[in-house]
Amino acid sequence: KKPGDYRIHRLRVIHLYEADYNLILGIFWRKLLHLAEDNNILNPSSYGGRPHRQALTPPFIDEMEQEISQLSRKHVVKFDNDA
């Protein structure tokens, strides 16, 4: 391959391989995720990227817990662990 030589038969086609490979990985990951969901292998507290669950639900639940504790004037101790 020479710089500035734009003849189509001289160019390498790498991006088609990458696109096909990513498609195959995506299909495999989707099947694997649905299989794990059907067999209850996944942690119930994980939400993002799972079928029939939204990533916005955990922050909404946290906000609702905070609002309820303020309205009922109860103390809340919360521990978030990302490890």
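## Arg50 in the loop

Arg50 sits in the loop between helix 1 and helix 2, the latter spanning 57-71. The model is predicted. Arg50 has a relative accessible area of 9%. Residues under 20% count as buried, so Arg50 is buried.

What does Arg50 touch, leaving aside residues up to four places away in sequence? The list is Leu33, Glu37, Leu42, Asn43 and Pro44. Two of these contacts can be described further. A polar atom of the Arg50 side chain lies 2.6 Å from the backbone oxygen of Asn43. The Arg50 side chain also meets that of Glu37 in a salt bridge, at 2.9 Å from N to O. Glu37 belongs to helix 1 and Arg50 to the loop between helix 1 and helix 2, so this pair ties together parts 13 residues apart in sequence.

Side chains of opposite charge can pair when their charged atoms come close. The structure holds 3 salt bridges. The Arg50 and Glu37 pair is one of them.

Lys78 forms a salt bridge with Asp62, with the closest N and O atoms 2.8 Å apart. That pair links distant parts of the chain: Asp62 is in helix 2, Lys78 is in the segment after helix 2, and they stand 16 residues apart. Lys78 also meets Glu65 in a salt bridge, at 3.5 Å from N to O. Here too distant parts of the chain are linked, with Glu65 in helix 2 and Lys78 in the segment after helix 2, 13 residues apart.

Asp62 is partly exposed, with a relative accessible area of 33%. Glu65 is partly exposed as well, at 42%.

## Two residues with positive phi

Most residues other than glycine have a negative phi. Asn40 is not a glycine, yet its phi is positive, about 55 degrees. Asn40 is found in the loop between helix 1 and helix 2. Its relative accessible area is 67%. The cut-off for exposed is over 50%, so Asn40 counts as exposed.

Arg73 also has a positive phi, about 60 degrees, although it is not a glycine. Arg73 lies in the segment after helix 2. With a relative accessible area of 77%, Arg73 is exposed.

## Helices and overall surface

The secondary structure comes to 2 helices and 0 strands. Helix 2 has 15 residues. From first C-alpha to last, helix 2 reaches 21 Å, close to the 21 Å expected at 1.5 Å a residue. Arg73, with its positive phi, follows helix 2.

The protein has 83 residues, and 8% of them count as buried. Arg50 is one of the buried residues. The protein exposes about 8200 Å², with carbon and sulfur atoms supplying 59% of that area.

## A nonpolar patch

Which residues form a nonpolar patch on the surface? They are Phe28, Trp29, Leu32 and Leu35. Together they have about 450 Å² of accessible area. Trp29 lies in helix 1, which covers residues 15-38. Trp29 counts as exposed, at 54% relative accessibility.

Definitions and conventions. Residues numbered from 1 in each chain as written. Predicted model: local features only at pLDDT ≥ 70, side-chain atom pairs only at ≥ 80, totals over all residues. Heavy atoms only, no water. Patch = residues over 30% accessible without salt bridge, like charges linked within 9 Å, V, L, I, M, F, W, Y side chains within 5 Å. Areas by Shrake-Rupley, 256 points an atom, 1.4 Å probe, with all protein chains shown as cover. Salt bridge = Lys/Arg side-chain N within 4 Å of Asp/Glu carboxyl O. Helix = DSSP H or I, 4+ residues; strand = E, 2+ residues; numbered from the N terminus. Buried < 20%, exposed > 50% of the residue type's maximum accessible area, 1.4 Å probe, protein only. Polar contact = N/O pair within 3.5 Å; in protein donor to acceptor, adjacent residues only side chain to side chain. Contact = heavy atoms within 4.5 Å. Expected span 1.5 Å × (residues − 1).
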